[in-house]
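Have the structure open and follow along.

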Amino acid sequence: MEKVQMDISEEKLKLIEEIGLGLETRLQIAPLAARIYALLTLSSYEGLTFEEIREIVGSSKSSTSVNLNVLIQLKHIEYYTKSGDRKRYFRISKYYQLTTLEAHLQSLENEIHLVEKINSYNKIHFPEKFTNEKSLGDITTDYLKKMQALVAVTIEKIKAHQASET
C-alpha cells in the first residue's frame with residue numbers, strides 16, 4: 001500500500017490540493033470529493049482502483065466510498081470493471097466538462113435573475129439609489145449575459161463533438 005504513495009510525486013500531490021480547493025468552491029462539493037476529482041483529473045484514462053484512491057488521498061474506506069458515490073451521481077466520474085477482475089476502476093467522465101458547464105450556465109441564469117430582482121426592488125423602493133446604481137446593474141447584467149452566451153456556445157460545441165463520436 002505504501003508503494004502507491006511513493007509513486008505519486010510531490011508536485012502531483014500539491015497540484016491535487018490546489019485543484020481540489022478550486023473545485024470545492026466552484027462545484028460546491030466536499031473537500032474530499034474535490035481532492036478525489038482532482039486526483040482523477042490528473043490520472044490516466046485507465047483510472048484508479050478504490051484502494052489506490054483511498055491510499056493517495058489518505059481517507060477512510062467509508063469516506064472514500066461516500067465521496068466516490070457523490071461524484072458518480074453528479075456525473076463527474078464513472079467506473080468500469082475489467083474482465084476477470086473484481087475491482088472497479090474509477091476515472092473522470094469523458095464529458096465531465098459538459099456537466100460542469102451546464103451547472104455554470106444555470107448559476108449564471110440564477111445570478112442574472114437575482115440582479116434583475118435587485119434592480120426592480122431598488123427602482124420601486126429606492127428610486128434615487130436605482131438611478132445612481134442602474135449603470136452598475138446594467139454593466140453586471142451585460143457581463144453575465146455575455147458569459148452565459150459563451151458558456152452556451154461551448155456546451156453546444158462539446159455536444160456536437162460528443163455526437164460526432166457516436
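Helices here are DSSP runs of H or I with at least four residues, strands are runs of E with at least two, and both are numbered from the N terminus. The model is a predicted one, in which local features need pLDDT of at least 70 and side-chain atom pairs count only at pLDDT 80 or more, while totals for chains, interfaces and linings use all residues. Residues are numbered from 1 along each chain as its sequence is written, and side-chain values use heavy atoms, with hydrogens and water left out.

Setting aside neighbours within four places in sequence, Thr64 is in contact (heavy atoms within 4.5 Å) with Leu32, Ile36, Phe50, Ile53, Arg54 and Ser59.

From there, look at how two helices meet. The axes of α4 and α5 are 10 Å apart and pack at an angle of about 110°; axes are lines fitted to C-alpha atoms, for helices over the stretch in contact, and angles run from 0 to 180 degrees between N-to-C directions. The angle therefore makes α4 roughly perpendicular to α5, a label that covers 65 to 115 degrees. On the α4 side the contact is made by Phe50, Glu51, Ile53 and Arg54, and on the α5 side by Lys61, Thr64, Ser65 and Leu68.

Now step back to the nonpolar core, meaning a set of buried Ala, Val, Leu, Ile, Met, Phe, Trp, Tyr and Cys residues joined through side-chain atoms within 4.5 Å. The largest one has 22 residues, and those with the most contacts inside it are Ile36, Tyr37, Ile53 and Ile77. Two or more residues each come from α2 (10–27), α3 (31–41), α4 (50–57), α5 (61–73) and β3 (88–92), with α3 giving the largest share, 8 residues. Not counting residues up to four places away in sequence, Ile36 touches Ile53, Val57, Thr64, Asn67, Leu68 and Leu71.

There is also a second, separate core of 10 residues, including Tyr95, Leu98, Ile112 and Leu144. To finish, find Thr140 in helix α7 (residues 127–165). Thr140 counts as partly exposed because its relative accessibility is 33%. Between Thr140 and Ile112 there are 8.4 Å in space, C-alpha to C-alpha, although the two are 28 residues apart in sequence.

Key:
Buried means under 20% relative accessible area, exposed over 50%, partly exposed in between (1.4 Å probe, protein chains only). Angles under 35 degrees count as roughly parallel, over 145 as roughly antiparallel, 65 to 115 as roughly perpendicular and the rest as oblique.
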